[in-house]
Structures are given as structure tokens and as C-alpha cells.
Amino acid sequence: MRLSRFFLPVLKETPADAQIVSHRLMLRAGMIRQEAAGIYSWLPLGFRVLKKIEQIVREEQDRAGAIELLMPTLQPADLWRESGRYEDYGKEMLRIVDRHERDLLYGPTNEEMITAIFRSYCRSYKDLPKILYHIQWKFRDEIRPRFGVMRGREFLMKDSYSFDLDEASARRAYNRMFVAYLNTFDRLGLKAVPMRADTGPIGGDLSHEFIILAETGESEVFCDSALVDMGAPGLDVDFDGDLQPLVDARTSLYAATEEMHEAERFAAEVPEERRLSARGIEVGHIFYFGTKYSAPLGANVTHPDGKDRPVHMGSYGVGVSRLLGAIIEAHHDEAGCIWPESVAPFGVGIINLKPGDADTDAACQSAYDALVKAGKDPLLDDTHERPGGKFATMDLIGVPWQLITGPRGLKEGKVEIKRRATGERFEVSLESALSQLT
Ligand SMILES: Nc1ncnc2c1ncn2[C@@H]1O[C@H](COS(=O)(=O)NC(=O)[C@@H](N)CS)[C@@H](O)[C@H]1O
């Protein structure tokens, strides 16, 4: 992409009302634009990152055996009357009446709808187990949307739903998602800690939140610090095998959100030097809630003994749009974002220090062509901005590598590459720069 043809409305000044660094940087870097409280347009740079995050979430769901579909954002109120949540959900629910005076709502989550889909087609234990998921926009009329996309009103969520014969089988689905989440957040460059969590409006009696430790996080959490560096299970995990030991290794160590925290247990179970209390960002939340929705909605299957019983279910959410904020909170410096290569909007930023100078233009073009060919998705700053401004913009938008070319360096056959995450700079020939970057 050539910057002169892109659409990157960076802001010179820091927006006053943005209280946390991820919100400030997303506005300054021209990634989002607020259209209303908690409702954003995703400008090209932010949208590129959102799609990369979404794709990694998708790949790890598929690896875990979940099947993707897509449900609408709008839902009939009658479904929620069947489950009894239409009234309970309260003011966070955006209720809509269509031209035929029918009650609709903008879905905050999809337990009812996915259960209605399941009950329409699945009647036998032979149809189980199933994990179905979609990646779809949700609406929750938060009383105080804040921190940019971190707590929006319209936000993108991956929500999966599992259907099993009984609790034992449902726990295997829960374990699949637990492991898939650890791998997902690891691929996003995040250290996510699974914590015992409250089940809230979703319900059930088994739930874990996946928390990124960050001082600007809204959640207060307490855990055994040994959990933080435990690493992810790895992409070669056998999802058809017994995942319980992997899950037990993590859930046997103390980790709880504020609502679930038990100070005495914390003191008794965790050696003092490993007691970590911190603030964190909830990027995922998984639940097992048995027949909470399948019973009222009549989602029954015939068991091998011929008896009909409601299926056992769980739901598993990831805050896809929230993850942009979480990744910036975890990876930034005073100059701007520092995107992990897996989700960076561009792989390499080429800076032409003197557009119009034949040698420099030629060097930039050949670097650009080589990087495109290598699938590195380069951004070429071919604008007539002064060099200082070019460096500042490339640092702000957080592209992991910069390739800087100008007439002086080229005279000595040199270009400069800079690693954004560490600031390291290397003066090398264009050839060796390209062999390093491709
Ligand atoms: N207002 C919000 N803005 C941005 N992300 C949000 C918001 N509310 C929730 N999320 C994200 O969505 C994830 C799942 O939301 S949830 O309420 O915990 N779980 C569910 O809705 C279940 N139906 C899981 S499928 C959360 O872990 C969080 O990362």
C-alpha cells in the first residue's frame, strides 16, 4: 500500500477525553472514529488489525473442532420471552419495534437463538457433540461506555456454543475451548490468565475469565504468579485427547476475579512471594450452564436409552474488538503502538526520505515489490512529509519493521532497518535488508 493513496487520518494532538493509552493511540493513529457513545467507525488501519485478530480467533476455533455459522444481529423478542431473559436482561438490552409493531432486539448475546437453531434440527444423541460459533456484532446499552473499544456499546464478539449429552461430555467441550483460548491469546501476543469467574446474566455454575494483566484494566484480579508465565498448550495439542490435565494444571493454581476472590484461601494456598494482585482486562469468558437454556426452549435429544432429555450446553465468548485495546495496552511505548507481527496492519513500513530523488525512489520501489512478493504487506510512505514526521507516523501506527532509505545512505550502498519493538537499528545493504525481512 502507498501511503499517498491510503486513508490514514492521524491526529496531531492527543484527544482530551481519552483516558487510557489504547483509546488515545487508536484515535491518534486514525484507527477508529466515534460516531456516538460506545459506537465506532473502524477506519482502514484499525479495520486491518480487527480482521487479523478475527482470523486468528477463527483459526483456533476451527482447530478445536468448532463449526462456524453466522446469526443475525437482530433477534425476535419472543425467543427471549421463552427463556425468561427478556425482562431480566434490563436496560442493557436495545429493544426495537419494526413497522409491523413486532418486538425485536439488537442481540447482546446468542444463547437463545443458537438453542432454537439446534432444536430445529437435532433430536438424537447421534447429533452430538457439537460446538457452533459465529463472529458477530453485539449491542449492550452500557450505562457508561468508556475507554474506547474496551467498553463499547456496539462491539464484535466471537461466541461459541456447545451441545452435549451430559455434564461429563460438556466438560470436554469446555476443556476444548479453554485450551483453544490459551492458544488464541498466545498467538495474539498476549499472556492471558484463566481465572475463576462469576457467571452473571449468562448463568451456570462453572466459568472462567481470561484476563490480560494491565494496570489500566477494569477488573481487579488475584492469582498465583506462576500462572502468568505458564505459556500456551501449543497448536499441536490433540483436541480429541484428554485435555483435563492441561486444564487442571492451570485451574489448580489460585486465580480469581474480584467477585470470586477468597482472601483466606489465597493466603493459605499461595506462597507470599507468588501472591499477585493486579488489574486486568477481560478478553474472554467461558461458561458451562447445563440445561439453563435447553430446558425452557425444549432443546431435547433422545438418549441411547430412548429417553428424551435437554442437552447440556456451554457458551464461550471472546471480545474481538476489545482485543485491539488489550493488545495496545500490553504493547506500546511513548511513540505509539507496537503490534505483534501476527496482527500488525502492515508487515514493513518503507520510509522514502526523499521522494523525487531517482535513486531513492528506485530503491523504495524494488524493496516494495520484493516485500509484496514475499507477502509482507508493506506500507510505503511516499508522501512529501518531512522525515521527522514520517518517523513519528510509522512509530505511532506501530508497524513491526521499518526500512528507511535516503540518498546519503544509498551513496554508501546502505539502507537502515529498524525493529519497532526494541528500537534496534541496522545499517545494511538493501539486499541483506530484504533477506532479513522476507
Ligand atoms: N461492552 C463491551 N465492549 C467490548 N467487549 C465486550 C463488552 N462486553 C463484553 N465484551 C467482551 O465479550 C466477551 C464475552 O462477553 S460475556 O458477556 O462475557 N460472555 C457472553 O456474552 C457469552 N454469551 C459468551 S458466548 C467478554 O469476555 C469481553 O471480552
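## Exercises: a ligand and its shell

An oxygen atom of the ligand lies 2.7 Å from an N or O atom in the side chain of arginine 140. The model is predicted: local features need pLDDT of at least 70, side-chain atom pairs count only at pLDDT 80 or more, and totals for chains, interfaces and linings use all residues. Residues are numbered from 1 along each chain as its sequence is written, and side-chain values use heavy atoms, with hydrogens and water left out.

**Exercise 1.** Find the polar contacts of the ligand (pairs of N or O atoms within 3.5 Å).

*Solution.* 
- Start at arginine 140, whose side chain has an N or O atom 2.7 Å from a ligand oxygen.
- Go to glutamate 111: an N or O atom of its side chain is 2.8 Å from a nitrogen atom of the ligand.
- Then take valine 283, where a polar backbone atom is 3.5 Å from a ligand oxygen.
- Now check the cover: the ligand alone exposes 600 Å², and the protein buries 96% of that (Shrake-Rupley method, 1.4 Å probe).

**Exercise 2.** Describe the shell around the ligand by residue, class and strand.

*Solution.* 
- Assign strands (DSSP runs of E, at least two residues).

**Exercise 3.** Which two backbone features sit in loops, at proline 129 and glutamate 101?

*Solution.* 
- Recall the background: most residues other than glycine have a negative phi, and most peptide bonds are trans.
- Leucine 128 and proline 129 are joined by a cis peptide bond, with omega about -5 degrees.
- Proline 129 belongs to the loop between α5 (111–121) and β7 (130–139).
- Glutamate 101 is not a glycine, yet its phi is positive, about 65 degrees.
- Its loop runs between β5 (94–97) and β6 (103–106).

**Exercise 4.** Does the radius of gyration of the chain agree or disagree with a compact globule?

*Solution.* 
- Take the 438 residues: a compact globule would have a radius of gyration near 22 Å. The rule is 2.2 Å times the number of residues to the power 0.38, over C-alpha atoms.
- The chain has 24 Å, which agrees.
- Along the principal axes, the C-alpha atoms fill a box of roughly 80 × 60 × 40 Å.

Conventions
Polar contact = N/O pair within 3.5 Å; in protein donor to acceptor, adjacent residues only side chain to side chain. Helix = DSSP H or I, 4+ residues; strand = E, 2+ residues; numbered from the N terminus.
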